[in-house]
Amino acid sequence: MLRPTRLLPAALTLLVALSAAQAASYKIATVSPLSGSLTAIGSEVKRGAQLAFQDRAAELKAAGLDVSLVSFDDQASATRGGQIAQTILADKSILGVVGALNSSVTNVLGESFAASDLALISPSSTNDALTGHKWSNFSRVVAPDQAQSVAAAAYLADTLSAKSVFVVSDNTAYGNGLSKSLIGNLKARKVGVVAYVGASSPAQIAGVIKQIKISNPQVVYFGGTDDTGGQLMQGLRDAGVKAVIMGGDALDSPSFLQRAGKAAVGVIYTTVFGPVNTFSNSVDFSAAYRAAYKSEPSGVAIYAYDATNALISALKASGSAPSRAQISAAVRKVNLPACFSNDKKDCVTITGALAFSPNGERQRSRLLIMKYDEMYQPKMAKIQTVNAEDLK
């Protein structure tokens with residue numbers, strides 16, 4: 001019979017083992033608007049991440065990693081994003097974050113996470129300055145605003161032969177970055193900028209519509225999110241403005257079509273997303289999305305899916321007891337190949353080959369110029385590949 005004193009070391013050993021097992025539980029998080037005016041598109045970030053996590057949960061378990069997925073609602077607010085950042089930082093089990101949707105929120109998260117080297121991969125934030133900070137923990141799977149503005153200016157000058165453009169921003173970091181970058185590219189191409197105005201409230205939008213009607217520009221360019229954009233475009237058409245309307249990738253969403261209604265017909269936009277069916281490996285994803293959420297996915301969901309896969313691949317490459325710094329370093333080494341619907345072995349990407357430059361830009365990004373037709377369907381006008389080394 002064993003003495004009680006001999007049971008103590010065995011008990012301690014068991015407690016240590018149990019503690020180690022508990023410590024080996026990790027989390028990845030999503031941050032996006034899950035309430036408020038951008039709920040529809042913000043939910044796409046969460047949903048895309050959930051599908052990626054479900055697809056690869058077994059892989060993580062086989063690698064000895066007990067990982068769960070948690071989601072935070074930033075309400076499209078940078079202030080709220082700062083509060084969430086502190087909550088995430090305090091939870092040492094969170095090893096990586098997919099988000100945010102809005103560039104302003106992503107900026108707050110990136111700055112907050114930098115000191116702790118917590119990996120942040122955005123599926124949709126395009127503001128140029130985000131990679132200019134040279135945060136070693138920040139990466140994105142979409143092309144930056146600069147790529148959109150270069151493509152938009154070229155289309156306006158070369159295809160539409162535009163001579164006058166009235167530029168409107170919704171006063172967000174995303175809208176300001178996109179519109180200011182466009183203005184620079186328009187001036188380089190000798191295209192006249194009639195005015196540059198910010199508008200986000202109903203009163204400001206009404207004032208801008210009056211200015212546009214008086215100035216009668218050939219093109220109205222809108223840089224901003226779909227909630228303000230839908231109001232502006234409805235107001236312009238209701239006021240009888242016939243100008244061509246163009247915008248950025250925030251107009252590439254079902255919620256924009258709902259808000260703009262008939263005013264969406266003829267709207268041109270650049271997008272880093274594009275129709276889901278233009279991605280050769282999207283069939284199974286779309287079917288899984290419809291089964292899970294009873295609706296059609298957007299491009300944001302697909303990019304969130306790939307951003308999450310990049311994070312999961314980094315987790316797997318970092319061993320059974322990864323640190324935040326190890327995950328961030330592993331993200332920059334991710335090199336996921338492009339794959340096709342008839343070649344699904346080891347296929348985890350939908351948006352094409354995925355790797356990152358030293359400052360966190362995607363090495364090769366696809367960008368489209370689209371136009372909504374009379375059936376509210378987006379039709380592709382142009383496709384363009386952007387290389388990270390070509391961005392200045």
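**Ground rules.** I am working with a predicted model, where local features need pLDDT of at least 70, side-chain atom pairs count only at pLDDT 80 or more, and totals for chains, interfaces and linings use all residues. Residues are numbered from 1 along each chain as its sequence is written, and side-chain values use heavy atoms, with hydrogens and water left out.

**Entry 1: strand E6.** I looked up E6, residues 164–169. Helices (H or I, at least four residues) and strands (E, at least two) are DSSP runs, numbered from the N terminus. How many of the residues of E6 are buried? I found six of six. Buried means under 20% relative accessible area, exposed over 50%, and partly exposed in between (1.4 Å probe, protein chains only).

In a regular strand the side chains alternate between the two faces of the sheet.

**Entry 2: partners of E6.** Two strands pair if DSSP finds at least two bridges between them. E6 runs parallel to E7 (residues 192–198), joined by six bridges. Here Val168 stands opposite Val197. E6 also pairs with E8 (residues 219–223), again in the parallel sense, over five bridges. Ser169 faces Gly223 there.

I then traced E6 through helix H7 (residues 173–188) to E7, and this is a right-handed β-α-β unit. Right-handed means that, with the strands pointing away from the viewer, the path from the first strand over the helix to the second runs clockwise.

**Entry 3: salt bridges.** I counted eight in the structure. The criterion is a side-chain nitrogen of Lys or Arg within 4 Å of a carboxyl oxygen of Asp or Glu.

Asp91 meets Lys27 at 2.8 Å, N to O. Asp91 lies in the loop between H3 (78–90) and E3 (94–99) and Lys27 in E1 (residues 25–32), so the pair ties together parts 64 residues apart in sequence. Asp91 is partly exposed at 22%. Lys27 is partly exposed at 25%.

Glu361 meets Arg140, also at 2.8 Å, N to O. Glu361 sits in the loop between E12 (354–355) and E13 (364–372) and Arg140 in E5 (residues 138–140), so this pair links parts 221 residues apart in sequence. Glu361 is buried at 6%. Arg140 is buried at 0%.
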